[in-house]
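Colleague: Could you take me through how to read backbone geometry around a helix and its neighbouring loops? I would like the general idea and then the case at hand.

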Amino acid sequence: MWRTRITFCTTMLIFACLFSSCVVQIKAGPPSPGTPIPARTITPGNRPSASSACVDIPPSPNYLTSIGREQDAVAAINNARQQEHLPPLHLPGNFYTLPPTQQQFIILNAERTDRGLHALQMDANLAQMAQAYSKQMVDLNFFSHTSPISGTFEDRVKSNPAIHGHFTVAENLAGNPFPGAGAMYEYMYRDTVEACGHRHNILLPQLTLVGIGLTVGSKYGTISVQEFLSSTPDNPYTGGTPDTVPPHIAIQKSLQVSSLLCQAMATDNVGVVRITWFVDSIGNNGHVGSSFTLDLRSLSSGQHTILAYAVDGSQNYGMAQVRVTV
């Protein structure tokens with residue numbers, strides 16, 4: 001069946017919050033005979049909007065500068081919903097005692113169902129992938145749909161056999177000190193810098209499943225991830241048992257004249273999908289592969305650290321390091 005892949009990724013910074021959205025859609029249809037099938041990149045200028053207009057609604061109360069509670073973020077959401085002629089959120093009595101990931105899930109489905117869309121189901125496999133990716137971002141100090149150790153969003157989707165090949169997969173990222181209602185406010189009501197890309201993902205009609213993960217840390221307080229999916233009829237999503245076991249990796253090294261040869265010995269309960277090497281720090285001399293040859297003449301005098309990261313399809317990772325003195 002013919003498929004055209006549509007992708008977009010952008011990033012925005014608002015006050016003490018950081019957000020980014022990405023979507024990969026696969027659409028079926030007959031190609032013209034003999035015509036190449038191009039990939040189309042959706043930019044802020046041509047991205048489909050999640051509603052008839054994409055506008056920012058300043059939070060009232062401003063949950064980031066007031067007392068700073070999830071209750072303030074919920075009040076701001078209700079104020080914004082009133083401006084869109086929607087009723088206040090109907091939340092369970094124990095809402096403020098729930099984990100932030102569950103708070104996001106409740107508000108996300110309220111935003112969908114109050115606009116006539118079906119509710120999403122929480123999927124454990126997607127939630128584990130979201131959790132592991134949020135941990136990567138906090139541990140390795142980055143915020144992006146592209147990971148220094150596991151590649152682009154599309155790379156990550158392709159590396160997970162339970163997810164790859166389905167009709168639509170999308171991802172929202174948030175860095176927010178109030179990761180429940182605060183993150184959902186920014187996704188839904190203050191997103192014009194991304195042309196409402198987060199909102200578009202949340203309100204995408206064909207989506208059926210979501211997984212949400214969260215890791216405490218980073219200069220934003222927390223980083224959370226939403227992973228979305230819908231099945232294609234010819235390749236239905238069947239889920240699977242969440243994989244929480246990180247790969248184990250060790251490094252064997254040998255010195256040959258002016259070169260250091262390193263070989264990764266990596267194992268995983270499911271399978272390692274990527275090994276990435278760095279010298280001294282993440283991003284420095286990055287190399288992907290099971291082996292790595294380093295020209296020692298390129299290094300300054302002193303001690304250096306060779307880092308190797310092994311990642312599995314669920315975005316769990318393991319790390320090993322060896323030191324070399326030049």
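Modeller: Just after α1, His85 takes a positive phi of about 60 degrees, although His85 is not a glycine. This is a predicted model, in which local features need pLDDT of at least 70, side-chain atom pairs count only at pLDDT 80 or more, and totals for chains, interfaces and linings use all residues. Residues are numbered from 1 along each chain as its sequence is written, and side-chain values use heavy atoms, with hydrogens and water left out.

Colleague: In which loop does His85 lie, and is His85 buried or exposed?

Modeller: Helices (H or I, at least four residues) and strands (E, at least two) are DSSP runs, numbered from the N terminus; on that basis, His85 lies in the loop between α1 and α2. Buried means under 20% relative accessible area, exposed over 50%, and partly exposed in between, with a 1.4 Å probe and protein chains only. His85 counts as exposed because its relative accessibility is 75%.

Colleague: What is the phi of Cys196, and where is Cys196 found?

Modeller: Cys196, a residue other than glycine, has a positive phi near 60 degrees and is found in the loop between α5 and α6 (197-202). Cys196 is buried, with a relative accessible area of 4%.

Colleague: Which residues of α1 are buried?

Modeller: In α1 (residues 70-83), the buried residues are Glu70, Asp72, Ala73, Val74, Ala76, Ile77, Ala80 and Arg81. What covers them includes α2 (100-113) and α5 (181-189), where contact means heavy atoms within 4.5 Å.

Terms used: The expected span of a helix is 1.5 Å times one less than its number of residues.
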